[in-house]
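Please keep the sequence and the model in view while reading.

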Protein chains: 2
Amino acid sequence: MSSLHPTGVFSAALTPLTADLEPDLPVFVEHAQRLIAQGCDGIALLGTTGEANSFSTAERQSILAAAVEGGIEPSRLLPGTGVVAIPETVTLTRHALSLGVNTVIMLPPFYYKGVSEDGLFAAYAEVVERVGDDRLRVVLYHIPQMSAVPIPASVIERLRARFPGTFTGIKDSAGDLANMEMLVERFPGFAVLAGADPLLLPLMRKGGAGCITATSNLVAADLAFIFHNFADPLKSAEVEAAQARVVAKRNQASRFPQMASLKAMLAKETGHQGWTRLRPPLLSLTAEESAQLLAA
Amino acid sequence: MSSLHPTGVFSAALTPLTADLEPDLPVFVEHAQRLIAQGCDGIALLGTTGEANSFSTAERQSILAAAVEGGIEPSRLLPGTGVVAIPETVTLTRHALSLGVNTVIMLPPFYYKGVSEDGLFAAYAEVVERVGDDRLRVVLYHIPQMSAVPIPASVIERLRARFPGTFTGIKDSAGDLANMEMLVERFPGFAVLAGADPLLLPLMRKGGAGCITATSNLVAADLAFIFHNFADPLKSAEVEAAQARVVAKRNQASRFPQMASLKAMLAKETGHQGWTRLRPPLLSLTAEESAQLLAA
């Protein structure tokens, strides 16, 4: 297991906004540091939960740079760098490498629909070739319910054959444990990371590498406990209790739109109202929704 | 009818690429000029057919600037400027205005799914407010099969009430004539433009403003003839014949992936092989597909 990279619990970190709806960099860095202190192995910033696609290329670069400048080890940072236009994916990926951040999480180009497997392979290959840096490690980002472009095993196989050592893992956010198990079995040494919190425990039992999840913004310590102790029979009751807390928190956050809910819950927990803001088309919870959520 | 703006036949222009898959600006300008010479009222560059979302912000700006510098009147240019991140939509829209191009076609932010009507309204409102330029005219871009974010009439109504004079029309690419008719009736003075070539004629008969279509790259003269003569009973046979040619060409281009097919057909027509290239994840037709298409 330890040979898998990346391995562990990675938080799909939320991004706080100022009153002008700009990324609030100091508050973000503080949050990332807190998540690591709570036991996260790293921060998967600039993912769907982090509202990455609501930010410009320059804003994304400023968020990653702030994390590095804030003292978080580059090896603990897994930024999302995949956007629709290949030149911008290349710019973001090169910027990460320039900061010593070698592992990135890459969405497929997500505008066109019905993309062929050859086209998907060609898009990832074009990015790797244009980046042209042997340090690059890519975690594929499979979230078809949002990207509308699934990443099938056949494409993973071709990418790993064409670029040995580059495609090291996948964040599987489709919620289908059977697909994750299939990937674990088919690709030894390939890190399969659950994108949904409740699946960390079952996936670890099947040889998975860990998770990259949204609820981790609120339950990082429990996820870390599960990750480190799932195989210890003497701790099975504690592991199950941690798992139950994770599932309960996730269910709480799913009653209203998830990202707005997580932000409202984190605002309550930290006392910082900047967490409640989202950039359109996403919106904050209404006062009534927030009251119902937080009363739960 | 003539009070509608924009009114007429606009070509959703294809974008030629160099061997390095960069936009081929001189060939693009030549094509745009040819389309206007063939009767197009304007060029709706940087839309889905133009592979806009495969290009970076800087590349999009270079394509629009080349068209203006190439002598095409700014009032004839309708660039797509809507991307996922609001700051980049604002940058692209301001750049258009800086060139004297006041009407832009704006996709909704297309990454998040299940966006609320309030969120969609807020996203467009945020763009208009950040642009902060009274010259701005926006044509909404309704293409839910690609953007996954439909633009309902209720949102159009709110945007037109909040920003009088700004939201002047819609490109309806969903292919549902009934929706277009509803919009014509509900919003007097609002330009409803068909996004599918076969619908130009039926939409004009219902009070539509024209079309913004892909097949126009190949049949601009026929579309212009339909637009200018659809109401003339003495020309009904010629109008129907033009319509039949448009439909036949569109059907020909629909057997294989549409954009690759249109590019292959334009390469044959112009003798310039640069037209056959697409940027991944879109791919050129295979030699066999191309042969089958062009033999038709």
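A148(B) lies in the loop that links α5 (144-147) and α6 (153-162) of chain B; helices (H or I, at least four residues) and strands (E, at least two) are DSSP runs, numbered from the N terminus. The phi of A148(B) is near 65 degrees, a positive value in a residue other than glycine. With 19 C-beta neighbours inside 10 Å, A148(B) counts as partly exposed. A residue is called buried if 20 or more other C-beta atoms lie within 10 Å of its own, exposed if 12 or fewer, and partly exposed in between, with C-beta atoms placed from the backbone.

The model is predicted: local features need pLDDT of at least 70, side-chain atom pairs count only at pLDDT 80 or more, and totals for chains, interfaces and linings use all residues. Residues are numbered from 1 along each chain as its sequence is written, while chains are lettered from A and ligands numbered from 1 in the order in which they are written.

**Backbone features**

Most residues other than glycine have a negative phi, and most peptide bonds are trans. L21(A) also has a positive phi, about 65 degrees, although it is not a glycine. L21(A) is found in the loop between β1 (8-11) and α1 (25-37) of chain A and is partly exposed, with 16 other C-beta atoms within 10 Å.

| Cis peptide bond | Omega |
|---|---|
| P280(A) to P281(A) | near 15 degrees |
| P280(B) to P281(B) | about 15 degrees |

In chain A, P281(A) belongs to the loop between α11 and α12. In chain B, P281(B) lies in the loop between α11 (258-270) and α12 (287-295).

**Helix α11 of chain A**

Helix α11 of chain A comprises 13 residues, 258-270; at 1.5 Å a residue it should span 18 Å, and its end C-alpha atoms are 18 Å apart, which agrees. The expected span is 1.5 Å times one less than the number of residues. Among the buried residues of α11(A) are M259(A), L262(A) and M265(A). Their cover includes α9 (216-229) and α12 (287-295) of chain A. G271(A) follows α11(A) and has a positive phi, near 75 degrees.

**The sheets**

In chain A, seven strands form an open sheet in the order β2-β1-β7-β6-β5-β4-β3, with parallel pairing; two strands pair if DSSP finds at least two bridges between them. β2 and β3 (103-106) of chain A stand at the edges with a single partner strand each, so one side of each has no neighbour in the sheet. Strand β4 (residues 137-142) of chain A is joined by five bridges to the parallel strand β5 (residues 167-172) of chain A. V139(A) has G169(A) as its bridge partner in β5(A).

Chain B holds an open sheet of seven strands in the order β2-β1-β7-β6-β5-β4-β3, and its pairing is parallel. Two bridges join β6 (residues 191-194) of chain B to β7 (residues 210-213) of chain B, which run parallel. L193(B) has G210(B) as its bridge partner in β7(B). Helix α7 (residues 177-186) of chain B packs on the sheet, touching β5 (167-172) and β6 of chain B, and its direction makes about 165 degrees with that of β6(B). Axes are lines fitted to C-alpha atoms, for helices over the stretch in contact, and angles run from 0 to 180 degrees between N-to-C directions. Helix α9 (residues 216-229) of chain B lies across β1 (8-11) and β7 of chain B, at about 175 degrees to β1(B).

**How the chains meet**

F55(A) is in the loop between β2 (42-43) and α2 (57-69) of chain A. Not counting residues up to four places away in sequence, F55(A) touches P23(A), R60(A) and A85(B). F55(A) is buried, with 23 other C-beta atoms within 10 Å.

Key: Two residues are in contact if their C-beta atoms, placed from the backbone, lie within 7 Å.
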